Amino acid sequence: MAVGKLMCTPKPSPQPCPCPHSLFGGSDYKLIYRHYATLYFVFCVDSSESELGILDLIQVFVETLDKCFENVCELDLIFHMDKVHHILQEMVIGGMVLETNMNEIVAQVEAQGKLEKAEGGLSAAPSRAVSAVKNINLPEIPRNINIGDINIKVPNLSQFM
């Protein structure tokens with residue numbers, strides 16, 4: 001497990017600094033990172049932040065991710081970016097660390113997941129659409145739908161019924 005701090009200090013020379021200050025807000029900021037297996041977690045903070053406090057925040061964030069995703073990996077972070085953002089927003093809002101109790105964070109994330117499942121969410125939309133088509137009581141399935149000067153040819157839906 002590697003723990004580190006990246007600091008950028010400009011060199012007094014006529015050439016531009018090779019370190020990209022403008023990418024993360026200037027020389028008043030620092031990058032603090034932690035390495036876990038194949039994952040790097042990097043936080044950009046201003047110079048007044050406690051490095052140990054940010055390392056602790058990264059630790060809680062990673063442990064919470066691990067608890068929510070059961071052995072978190074790169075693919076979890078890529079394919080569930082909304083959940084990762086939700087976990088981070090439970091911890092930090094407006095630049096202020098609000099919650100570091102992992103059990104409380106996990107409980108809020110699970111409550112949000114239950115709410116999304118109860119509402120059906122976007123992932124359930126295709127199955128609801130197919131169910132709606134199946135439950136339409138039409139004497140026969142229309143082959144052409146004409147709305148004004150728009151003509152829509154309906155494909156054969158018998159494979160879904």
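This is a predicted model: local features need pLDDT of at least 70, side-chain atom pairs count only at pLDDT 80 or more; totals for chains, interfaces and linings use all residues.
α1 crosses α4 in a right-handed sense. Helix α3 covers residues 81-91, helix α4 covers residues 102-119, and α1 spans 51-69.

**α1 against α4**

- The axes of these two helices come within 10 Å and cross at roughly 45°.
- On the α1 side, the contact uses Val60, Glu63, Thr64, Lys67 and Cys68; on the α4 side, they meet Met102, Asn103, Ile105, Val106 and Val109.
- Sorted by class, the contact of α1 with α4 comes out as six nonpolar, two polar and two charged residues.

**α1 against α3**

- Here the axes come within 11 Å, with a crossing of roughly 135°.
- α1 and α3 are therefore oblique to each other, and their crossing is right-handed.
- From α1 come Leu57, Val60, Phe61, Thr64, Leu65, Cys68 and Phe69, which meet Lys83, Val84, Ile87, Leu88 and Met91 in α3.
- The tally for the contact of α1 with α3 is ten nonpolar residues, one polar and one charged.

**α3 against α4**

- This pair packs at an angle of about 135°, and the axes are 10 Å apart.
- So α3 and α4 are oblique to each other too, and once again the crossing is right-handed.
- α3 brings Lys83, His86, Ile87, Glu90 and Met91 to the contact, while α4 brings Ile105, Gln108, Val109 and Gln112.
- By class, the contact of α3 with α4 holds four nonpolar, three polar and two charged residues.

**The second largest pocket**

- Its volume is about 320 Å³.
- There are 15 lining residues, and the closest to the pocket centre are Phe43, Val45, Ile54, Leu57 and Gly95.
- Leu57 also turns up among the α1 residues that meet α3.
- β3 (39-46), α1 (51-69) and β5 (96-97) each give at least two residues to the lining of the second largest pocket.
- β3 has the largest share of that lining, with five residues.

Terms used
Residues are numbered from 1 along each chain as its sequence is written. Side-chain values use heavy atoms; hydrogens and water are left out. On a 1 Å grid over the protein atoms alone, a cavity is a set of points where a 1.4 Å probe fits but cannot get out, and a pocket is an open set with protein on both sides within 12 Å along at least five of seven lines; lining residues have an atom within 4 Å of a point. Grid points are joined across faces, edges and corners, and a volume is the space filled by probe spheres set on the points. Helices (H or I, at least four residues) and strands (E, at least two) are DSSP runs, numbered from the N terminus. Axes are lines fitted to C-alpha atoms, for helices over the stretch in contact, and angles run from 0 to 180 degrees between N-to-C directions. Angles under 35 degrees count as roughly parallel, over 145 as roughly antiparallel, 65 to 115 as roughly perpendicular and the rest as oblique. A crossing is left-handed if the near helix is turned anticlockwise from the far one by less than a right angle, and right-handed if clockwise. Contact means heavy atoms within 4.5 Å. Ala, Val, Leu, Ile, Met, Phe, Trp, Tyr, Cys and Pro count as nonpolar, Asp, Glu, Lys and Arg as charged, and the others, Gly among them, as polar.
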